[in-house]
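Take a short walk through this structure.

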Amino acid sequence: RILFCFLFATLFGHASDAQEPGAGFSNTLGMKFAPVPGTTVLFAVNETRVSDYEAMLKGGSYEWTFKPHFEQGGDHPVVGINLQDALAFCNWLTQTEREQGRIKPNQGYRLPTNTEWSAAAGLSAERKEDVSTEERLQETMKFPWGAQWPPPVMVANLQEKEIEGYTDGFPFTAPVGSFQPSPEGLNDVSGN
């Protein structure tokens, strides 16, 4: 459900550290992380940007040559990655920040699980324990922006030509954080 086009990273292992409950975190790339109810990890508030991914590639230890057919700036989400590419990024970032003493040995970066991703997308079934069958059924008819279809204008960067009447102003990817964030401050959960 998650990855192959865009990469959201999570920081795990923070619960045992001396951070204040609910506190966020920023890493050496300037990626910001925030807590999400129903999870024990911190979520990147944006997809991994082109500039973040390029930082890994500059080290020369990972080869990746994909170039999209459209222009992207450093603040756009990296595209064209597969699971191996995403794992390489998380592993590189973990190793780099451990060596710099930025994160502790019990911390690291990884992809969210399906359950964590569902919680980040706002599904209450993943955020609380006492969810009724009716609530679970209703959630199957929701999108990250709510139950409305087609989506409200400017809710996310979606494929305009495939959704009649929808517009977001971007023919391809948009700079991360161009749309209204989730209540937890996560950007582009609906898509980019």
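Strands here are DSSP runs of at least two residues, numbered from the N terminus. Two of them pair if DSSP finds at least two bridges between them. The model itself is predicted.

Start with strand S2, residues 25-26. S2 pairs with strand S3, residues 32-35. The two run in the antiparallel sense, and two bridges link them. Together S2 and S3 make a hairpin, with five residues between them. Look for glycine 30 in that turn, where phi is positive, at about 85 degrees.

Now move on from S3 to strand S4, residues 42-44. This pair is antiparallel too, joined by three bridges. Alanine 34 has phenylalanine 43 in S4 as its bridge partner. S3 and S4 also form a hairpin, with six residues between the strands. Glycine 38 in this hairpin has a positive phi near 90 degrees.

Next come the charged side chains. The structure has two salt bridges. One joins aspartate 52 to arginine 49, at 2.7 Å from N to O. Aspartate 52 counts as buried because its relative accessibility is 2%, under the 20% cut-off. Arginine 49 is buried as well, at 17%.

The other salt bridge links glutamate 116 and arginine 110. Their closest N and O atoms lie 2.8 Å apart. Are these side chains buried or exposed? Glutamate 116 is buried, at 10% relative accessibility. Arginine 110 is partly exposed, with a relative accessible area of 25%.

Terms used. Residues numbered from 1 in each chain as written. Predicted model: local features only at pLDDT ≥ 70, side-chain atom pairs only at ≥ 80, totals over all residues. Heavy atoms only, no water. Salt bridge = Lys/Arg side-chain N within 4 Å of Asp/Glu carboxyl O. Buried < 20%, exposed > 50% of the residue type's maximum accessible area, 1.4 Å probe, protein only. Helix = DSSP H or I, 4+ residues; strand = E, 2+ residues; numbered from the N terminus.
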